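Dear colleague,

I am handing over the structure below for your records. Please look at it first; a description of what was found follows.

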Amino acid sequence: ADNGDLSVNITRKGDNILQCIIEDNGVGRKKAKELKSKSTSSRKSLGLTLTESRLVLLSRQAGLEGSICIEDVKDADGKAAGTKVILNIPVDEI
């Protein structure tokens, strides 16, 4: 079995945005969805829904737009090579 890699990079963008980039070298979203559909578990993960809800609240509080973007990472051959999530988190003060 291969070891998985996860990187987290947090940087400041402008005066009131923290950008958090989370990247892994997993199987990618498409394959993960296929594997989940074969699973006997019917439990639905609420992680993304909760993150989006918190981002909306932070955006309102700071008066700035936050965002979340999920990208599929591909290798040189165009095959799935992981997932990249970019969170732009508004804050009142940094």
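The description begins with the strands. Strand β1 and strand β2 (residues 17–24) pair in the antiparallel sense over 8 bridges; two strands are said to pair if DSSP finds at least two bridges between them. Helices (H or I, at least four residues) and strands (E, at least two) are DSSP runs, numbered from the N terminus. Within this pair, L6 stands opposite D24 in β2. The hairpin of β1 and β2 has 3 residues between the strands, and G14 there takes a positive phi near 70°.

Two remarks on the basis of these values are needed. This is a predicted model, in which local features need pLDDT of at least 70 and side-chain atom pairs count only at pLDDT 80 or more, while totals for chains, interfaces and linings use all residues. Residues are numbered from 1 along each chain as its sequence is written, and side-chain values use heavy atoms, with hydrogens and water left out.

Overall composition and confidence

The protein chain has 2 helices and 4 strands, and from the N terminus on these elements run β-β-α-α-β-β. Of its 94 residues, 17% count as buried. Here buried means under 20% relative accessible area, exposed means over 50%, and partly exposed lies in between (1.4 Å probe, protein chains only).

The mean pLDDT of the chain is 81, and 77% of the residues reach 70 or more; pLDDT is the predictor's confidence in each residue, from 0 to 100. Confidence is highest in strand β1 (residues 6–13), at a mean of 94, and lowest in helix α1 (residues 29–38), at 62.

The other strand pairings

Strand β2 also pairs with β4 in the antiparallel sense, over 8 bridges. Here D24 stands opposite T83 in β4, and Q19 stands opposite N88 in β4.

Strand β3 (residues 67–74) pairs with β4 in the antiparallel sense over 8 bridges. In this pair I70 stands opposite V85, and I68 stands opposite L87. The hairpin of β3 and β4 has 5 residues between the strands, and G78 takes a positive phi near 85°.

T83 is found in strand β4 (residues 80–90). T83 counts as buried because its relative accessible area is 13%. The C-alpha atoms of T83 and N25 are separated by 6.7 Å, although the two residues are 58 residues apart along the chain.

N88 also has its place in strand β4. With a relative accessible area of 17%, N88 is therefore buried. A polar contact of 3.0 Å joins the side chains of N88 and Q19. A polar contact is a pair of N or O atoms within 3.5 Å; within protein, one must be able to donate a hydrogen and the other to accept it, and residues adjacent in sequence count only if both atoms are side-chain atoms.

Salt bridge and surface

How many salt bridges are there? The count comes to 1 salt bridge, defined as a side-chain nitrogen of Lys or Arg within 4 Å of a carboxyl oxygen of Asp or Glu. The side chains of R12 and D15 meet in it, at 3.6 Å from N to O. Side chains of opposite charge can pair when their charged atoms come close. R12 counts as partly exposed because its relative accessibility is 48%, whereas D15 is exposed at 55%.

L6, V8 and I10 form a nonpolar patch on the surface, with about 320 Å² of accessible area together. Patches are made of residues with over 30% relative accessible area and no salt bridge, like charges being joined within 9 Å and nonpolar side chains (Val, Leu, Ile, Met, Phe, Trp, Tyr) within 5 Å. Accessible areas come from the Shrake-Rupley method with a 1.4 Å probe, and for residues only the protein chains shown count as cover. I10 lies in strand β1 and counts as exposed because its relative accessibility is 57%. In a regular strand the side chains alternate between the two faces of the sheet.

Finally, R60 has its place in helix α2 (residues 47–62). R60 is exposed, with a relative accessible area of 65%. The C-alpha atoms of R60 and P90, 30 residues apart along the chain, are separated by 9.1 Å.

With kind regards
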